[in-house]
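Here is a short report for a reader new to this structure. Look at the model first, then read on.

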Amino acid sequence: MAGSFSQIYIHAVFAVKGRANLLTKTWRPEVFKYISGIIENKSQKSIIVNGVADHVHIFVGLKPSMALSDLMRDVKNNTTNFINEKKWLPGKFSWQEGYGAFSYSHSQLNNVNQYILNQEEHHKKKTFKEEYLALLNKYEIPYEEKFLFEWV
């Protein structure tokens, strides 16, 4: 019997609720490691997880047996609980609703990996809003401003 084979690479971006700068450098690596663990525990391939104080980028090798929306729901729900249980913040942590997702071919793996790896440097020159709108425009994804992240 023939098997099923696939190669699906997804770059997803999501933001802290209210775009607050809550992901501090001291515990951010632990959160990224936790996110990577969630992805791997869902039998998906975590290529890189990185971000800055107000948003996160993940790059995954996604198997067709997993819906991206289910993976994103699990990543966001579980990390919200993780951060709140650690009590790193005086109040409650949560993510904004929604996310952006962009697909790439195997030949682009290194470029996307480097882009996500260099988020700190990248955001010295470009805001999250500029970055996100550039991604939507580059991939010709129609959007209405009112349905995007809060840009506070």
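Contact here means heavy atoms within 4.5 Å. The model is a predicted one.

**The two helices**

By that contact rule, one face of helix α1 can be listed against helix α2. From α1 come Glu30, Val31, Tyr34, Ile35, Ile38 and Ile39. From α2 come Leu71, Asp74, Val75, Asn78, Thr79, Phe82, Ile83 and Lys86. This contact is made up of nine nonpolar, two polar and three charged residues.

How are two packed helices described? Helix α1 covers residues 28–41, and helix α2 covers residues 68–86. They pack at an angle of about 140°, and their axes are 10 Å apart. Angles over 145 degrees would count as roughly antiparallel. The pair α1 and α2 is therefore oblique. The crossing of α1 and α2 is right-handed.

**The sheet**

Four strands make an open sheet. Their order is β2-β3-β1-β4, and the pairing is antiparallel. Strands β2 and β4 are at the edges, each with a single partner strand, so one side of each has no neighbour in the sheet. From one strand to the next, the twist averages 15°.

Strand β3 pairs with β2 and with β1. The table sets out these two pairings.

| Pair | Direction | Bridges | Residues paired |
|---|---|---|---|
| β2 and β3 | antiparallel | seven | Gly51 with Val56 |

**Inside strand β3**

Is β3 enclosed or open to the outside? Buried means under 20% relative accessible area. Seven of the seven residues of β3 are buried, so the strand is largely enclosed by the rest of the structure.

Which residues of β3 point which way? In a regular strand the side chains alternate between the two faces of the sheet. His55, His57, Phe59 and Gly61 point one way from β3. Val56, Ile58 and Val60 point the other way. The residues on both sides are all buried.

**Helix against sheet**

Technical notes
Residues are numbered from 1 along each chain as its sequence is written. This is a predicted model: local features need pLDDT of at least 70, side-chain atom pairs count only at pLDDT 80 or more; totals for chains, interfaces and linings use all residues. Side-chain values use heavy atoms; hydrogens and water are left out. Axes are lines fitted to C-alpha atoms, for helices over the stretch in contact, and angles run from 0 to 180 degrees between N-to-C directions. Angles under 35 degrees count as roughly parallel, over 145 as roughly antiparallel, 65 to 115 as roughly perpendicular and the rest as oblique. A crossing is left-handed if the near helix is turned anticlockwise from the far one by less than a right angle, and right-handed if clockwise. Ala, Val, Leu, Ile, Met, Phe, Trp, Tyr, Cys and Pro count as nonpolar, Asp, Glu, Lys and Arg as charged, and the others, Gly among them, as polar. Two strands pair if DSSP finds at least two bridges between them. Buried means under 20% relative accessible area, exposed over 50%, partly exposed in between (1.4 Å probe, protein chains only).
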